[in-house]
Amino acid sequence: MVTKKEIAEYLGISRTAVSLVLNNTPSSTISAETRNKILQAAKDLGYRDIEVSPKLCYVLYDRDANDPRYLPDLQAIESAASQHDYGLIFMNITHEAESLNKLQKIIENQEVDGFVISGDVDDKLLGIFKHSSTPYIFYGKPLYEIGKNCNHIATDDHKLAYDAVNKLLSLGHTRIALFMGSLDYLIHQRTLEGYLEALKDSGIEIDKSLIQISNDENGYEICKRAHMLRLDYSAAFCGNTVIQFGALQYLQSTGIAVPGDISLIGSGFTELVKLSIPQLTTYYISNTEKERTVNVLVDLINKKITDDTISVYITDFECFEGGTIAPYQAAK
């Protein structure tokens, strides 16, 4: 029986790329040409979607399957799963009954050994897994606004924002804006707290006008609004790289130099980071930390962890320097 590994070796490409294509995973980083080559090779070699290896499932809940923020997580999780000899299935699930029923059947039929769940988790999804005997980990989002007693590994978004703003402060910036999404989400509430604490600890008076929010996380429009309001800032912390990239596009379109006139620092590591010109400066979770999620899940599957619930917060971040921040320079 032909495996994904053999297809990867046949084409001379990564196993991750083959897995993402054959699992029908949304991925704008894999070209149409490469995707077609993989599908043709699978057909020519007689690949069938039946592998001896057990499977894990990555569930993206109530989020656009093409959201660039989730692809790096998926790739890291697929890589870690393969190291444990697990295949990975991708599912894009919504809160609609039909979609949830599809997920429920997969759990009940024991088609996979464990789940990694990300996205906009709600009570419906939480209830399904809390009443299931299948091992699971909710990844990436703090869950204390939903409920306790569930397995999760979450990012300390408060500390990430604190660290990123301090990076700008260390470069002499004091007029630092915050560009982010809706405060209906706890992740953004925590980001705001980290931003405010960093400024307070440095003795900088808070200017609430510099906190700019967009429900649709449109960095271009946020930055345009700040410009039209003539807000005085020399740097901005952006809640994610989508917002950061949009802000960069607006500034460049109006002749404002980045980082010469305004510095931008972001959160996360997506394909936009390196596609951008200049490349985006951002704080992010390393792949090693992301792979930890799978390691914990495999330990749960093998009953090496006996705790009732697993609760881990990631507090160590790396900085991709990029080229969108620079020391503060007073206007001439």
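For the classes used later, Ala, Val, Leu, Ile, Met, Phe, Trp, Tyr, Cys and Pro count as nonpolar, Asp, Glu, Lys and Arg as charged, and the others, Gly among them, as polar. The model is predicted, with local features needing pLDDT of at least 70 and side-chain atom pairs pLDDT 80 or more, while totals for chains, interfaces and linings use all residues. Residues are numbered from 1 along each chain as its sequence is written, and side-chain values use heavy atoms, with hydrogens and water left out.

I begin with the sheet. Six strands form an open, mixed sheet in the order 7-6-8-9-10-12. Strands (E, at least two residues) and helices (H or I, at least four) are DSSP runs numbered from the N terminus, and two strands pair if DSSP finds at least two bridges between them. Strand 7 (211-213) and strand 12 (318-320) are at the edges with a single partner strand each, so one side of each has no neighbour in the sheet. From one strand to the next, the twist averages 20 degrees; axes are lines fitted to C-alpha atoms, for helices over the stretch in contact, and angles run from 0 to 180 degrees between N-to-C directions.

Strands 9 (263-267) and 10 (281-284) pair in the parallel sense over 3 bridges, and isoleucine 265 stands opposite threonine 281 in strand 10. Helix 7 (157-170) packs on the sheet, touching strands 6, 8, 9, 10 and 12. Its direction makes about 165 degrees with that of strand 8.

Next, two residues. Aspartate 156 lies in the loop between strand 5 (152-155) and helix 7. Is aspartate 156 buried or exposed? Aspartate 156 is buried, at 16% relative accessibility; buried means under 20% relative accessible area, exposed over 50%, partly exposed in between, with a 1.4 Å probe and protein chains only. Beyond its neighbours within four places in sequence, aspartate 156 contacts Arg190, Ile314, Thr315 and Phe317, contact being heavy atoms within 4.5 Å.

Leucine 192 sits in helix 8 (186-201) and is buried too, with a relative accessible area of 16%. Leaving aside neighbours within four places, leucine 192 is in contact with Leu178, Met180, Leu183 and Ile211.

About 660 Å³ lies in the largest cavity, a cavity being a set of points on a 1 Å grid over the protein atoms alone where a 1.4 Å probe fits but cannot get out; lining residues have an atom within 4 Å of a point. The lining has 12 nonpolar, 11 polar and 8 charged residues.

Methods. 1 Å grid on protein atoms, 1.4 Å probe; cavity = no way out; pocket = protein on both sides within 12 Å on 5 of 7 lines; lining within 4 Å. Points joined across faces, edges and corners; volume = space filled by probe spheres on them.
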